[in-house]
Amino acid sequence: MANRIIRLQDIVEEVQKFHPDSDTSLIEKAYIFSAKAHEGQLRLSGEPYLSHPLEVAYLLAKMGLGPVTVSSGLLHDTVEDSAATLDEVEEYFGEEVADVVNGVTKIGQLVFGDRQTQQAEYIRKMILSMSHDIRVLLVKLADRVHNMRTLGFMEPAKQKRIARETLEIYAPLAGRLGMFRLKAELEDLSFYYLEPEAYQQIQEGLSRKTGALEKYNREMCEFLREKLEEHHIKGEVSGRVKNLYSIYRKLQAQQITLDELYDLLAFRIIVDTLSDCYETLGVIHALFRPVPGRLKDYIGMPKANMYQSIHTTVIGQGGERLEIQIRTREMHRVAEEGIAAHWSYKERRAYHEKDAQRFSWLKQMVDLQKELKNPQELLEGVRLELYPDEVYVFTPTGDVKELPRGATLVDFAYAIHSEVGNRCSGAKVNGRMVPLRTELQNGDTVEVTTSPHHHPSRDWLQFVKTTKARHKIRQWLKVAEREQSVALGKELLEREVRKAGASLQKLIKEGDELKKVVQEFSFRAIDDLLAAIGHGKVSPGQVSNRLFRNAAPAVEEAPALEPQVKRGKEEPAGLKIKDLDDMLMRLANCCQPIPGDAIMGYITRGKGVTIHRADCPYLASTETFRHIPAEWDGGGSPNKLYPVKIQVVTVDKPGLLADITSALKIADVNVTKASVETTAENKGVAQFTIQVADQVHLEKVFGALKRLKEVISVRRMMG
Ligand code: MN
C-alpha cells in the first residue's frame, strides 16, 4: 500500500523537526547496518525487506521520537530475521538500542503450547518488556501498523488471525497509550480483513454521502470560524468523518443503518491557550443546545494516558448531533501521538519501571502477569485493563459476558437470552441475592433466577444500559399492552353487540360484516379494531352502530328529557319508596344512583317513578311538585349491580387504559364502557362505566385507583 519508498533522508528530516539539535549519525549507522543485514531478503510484497524497517522508523519519527527509538525501529528485525546478533547491535549502537531491539525480538519469539497459551505468553512478554521500557511497545506498534498495511500479501487465514490479534490487543493498547490516530488506523485495517462485507458496505454508504458530508463539513467549519472570530478567539476548526470501525460499532450497538446515524462527522477546534478552550466552549453552547451528560472536561481532569481535551455534543440546526472537541495545540499533539509525544522530550533520559508506573493501568498489568500464571486468566485480566469502558462478569458455569460499564443484572439477563431477560425474577451476585437494578462489577459471578410468571416491568427501562435489553423490554411491553387492549376491546364490544341481540363470537365466525366494519375504520385485522376499542381510540358504540346500521339506531345514554326506563328484570330490587310501594320504579340514567346515595323520586307522566340522586342537576331542573322523597330499603339486593360512571385523571402514559382496567379487575368490578383522551396539559382523562353493588363497593374501587401512582384524581360523574 505504500506508494513511495521511504528514504533515509525522509526519516532524518522528520526527526530533526522535533529534535533540531539531535545527532542523527546513529540513525545513519542503523540504516547501513539494517540494509546489510537484510540484504537480498524480500517481503511477501516482493519489495526489498529493508522497506519494512524504513517504514517503521519513519512512523516512529513521525510520532516525534528521537534517534534512539528511530534507530531501534530500523534494527528491530535484524536479530530475529537476519544473521546479526544482539551482541553486535549492542557493540555498535549501545545498551539502550540493544535493549529495545531485544525486547521487540523477545515478544516475537515463538512459544509452544495451544493457541491460548501462545497468546498469553506473548502478552506476558509484551507487558514485561514495555514495563521495562515503553519504547519497546512503541516500536512494536509501528511494526504492527506497517504489517497491517501490507497484510494483503499474506494468505487469508493468516490475515484473519493477525487482524483479530491487532483488534483485540494492539488497537486497545494504542488507545490506552493515548495514540488515537494509530488506534483508528489499526481498527479500520483489522475491520477490513475481519468483516470485509460490512467494511465495504459502510465504505460505499459513506462514499454515496461524500458530497453531502463535505458540504456540511465545509459550512459548519466556516460557521464556527466566523463565530470564533466574532469573539476574538484564534482557532483552527476542522471536521472529519469518523473511522469506519467506530461507525460500525455504533450501528451495531444501536441496531440502525448508516442512513439513521447522524453523527458521522466529528469536529475539532484547536486554540492557543487553555482559557480559550473554555471560552470556545461557551461560544458553542450559546450557539447550540448541548446534549445533557455529554460535556466531558478532560482538561480539568486529564485521562490516565494524559489525554486532555473538552468534549461536548450539541444539537445542530437540523436536529443532528454534533460532536466537538476543543483543545490547545500541545494537547492536540498529545492526543494524536499520546505517550510518544510525552516520551520524545526525554530521549536522553534512562527509562525505568518508574516511567511505566506513571500509568496505573500499566502497573496493574505488570502485577497481573505476575499473579496470573494461568493463560486464560491472564488473557481475561489483560482484557479488563485494555477495555476500561466494559465490565466482564461470569456466568455460574464460568462463561464470560462482556457488558458496558454501568450495566445491571437485567442487562446481564438479556445478554444471556431474551427469554431469560423476560422471565428474570431475581439474581444472585457472588452468591448473594441483590436487587435487579444492581450495577455489575468486574469479575462478579452472576446467577439469574427466572420464573414463568415473571415479566418485564416498565421501571426497568429507567436503569438498563444495553440497547438489547431496552429494545427487548419495549418489545415485550408493546405486545403485552396490545394483548390486554384486544381482550378489553373484545369484552367491551361483546357487551355492546349483545344489546342489539347479537353475539360477537358469531360475528367473528361469520366474519364478513365485521370485516367490512374493520375496513371502514381503516384497520387491517379484527384484532387491530379490538385493540383500538380497548385503547379507547374507537368506542364500541360506533362499531356497533356500523354493524347494525339497518336496525333502529341504538340509543346511547344521551340524557333524555325523561330518563329512560329500565325494563323487566333490570328493575331495581330492594328499593323502597315511602308510601308508594305499588308504583313502577326505575333508576335514572342521568345520575345513576347506587345504594347508599341520598335519593329522590320523580313522578313521571304515566311511567311511574324515576329514582334520582338527591343532588342530580337534571332533577333540580324539574317541577318540584313532582318530587317525592325516597330512601333505600337496607343496602339493596346482594346480587344486584348498578352502573356508575367515573372519571380518572392521570399522568399521560401509553397503555394507560389497560393499566387502570387491570386495577379495576383487581377491585372486582366490571367495566362496561371506557374512553380515554389526553388533555393539552398532557394529562390522561379516562371515563369508565363500572358496575358496583353499593357505595361501600365504590369507595373500595376509588381506593384501588388512587393507589396507582399515575392517578391524579378520581371522581364520580353524572351518567
Ligand atoms: Mn517487523
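Reader: Leaving aside neighbours within four places in sequence, which residues is H146 in contact with?

Author: This is a predicted model in which local features need pLDDT of at least 70 and side-chain atom pairs count only at pLDDT 80 or more, whereas totals for chains, interfaces and linings use all residues. Residues are numbered from 1 along each chain as its sequence is written, and side-chain values use heavy atoms, with hydrogens and water left out. Taking contact to mean heavy atoms within 4.5 Å, and leaving aside neighbours within four places in sequence, the partners of H146 are R43, S51, H52, E55, V56 and L59.

Reader: Is H146 buried or exposed?

Author: H146 has its place in helix α8, which covers residues 134-149; helices (H or I, at least four residues) and strands (E, at least two) are DSSP runs, numbered from the N terminus. With a 1.4 Å probe and protein chains only, a residue is buried under 20% relative accessible area, exposed over 50%, and partly exposed in between. Because its relative accessible area is 4%, H146 is buried.

Reader: Among contacts in the chain between residues at least 6 apart in sequence, what percentage joins residues at least 24 apart?

Author: The chain contains 28 helices and 21 strands, and 49% of its 719 residues count as buried. For contacts between residues at least 6 apart in sequence, the share that joins residues at least 24 apart is 64%.

Reader: What percentage of the accessible surface belongs to carbon and sulfur atoms?

Author: Accessible areas come from the Shrake-Rupley method with a 1.4 Å probe, and for residues only the protein chains shown count as cover. The chain has an accessible surface of about 36500 Å², and the part that belongs to carbon and sulfur atoms is 51%.

Reader: Which residue forms a salt bridge with K227?

Author: A salt bridge is a side-chain nitrogen of Lys or Arg within 4 Å of a carboxyl oxygen of Asp or Glu, and a search of the whole structure finds 24 of them. With the closest N and O atoms 3.6 Å apart, the salt-bridge partner of K227 is E230.

Reader: What is the N to O distance in the salt bridge between E513 and K516?

Author: Both residues belong to helix α23 (residues 512-520), where E513 and K516 are three residues, or about one turn of the helix, apart. E513 is partly exposed at a relative accessible area of 36%, and K516 is likewise partly exposed at 45%. Their side chains meet in a salt bridge with an N to O distance of 3.6 Å.

Reader: How many residues apart in sequence are the parts that the pair E520 and R546 ties together?

Author: E520 and R546 form a salt bridge in which the closest N and O atoms are 2.9 Å apart. Because E520 lies in helix α23 and R546 in helix α25 (residues 540-547), the pair ties together parts whose separation in sequence is 26 residues.

Reader: Which residues are linked with K234 in a network of salt bridges?

Author: The network of salt bridges has K234 as one of its members. The residues linked with K234 in this network are E236, D272 and R329.

Reader: What is the phi of Q592 near?

Author: Q592 is found in the loop between β13 (585-587) and β14 (599-603), and Q592 is buried, with a relative accessible area of 3%. H232, which is not a glycine either, has a positive phi of about 55°; its place is the loop between α11 and β1 (235-241), and at 74% relative accessibility H232 counts as exposed. For Q592, a residue other than glycine, phi is also positive, near 45°.
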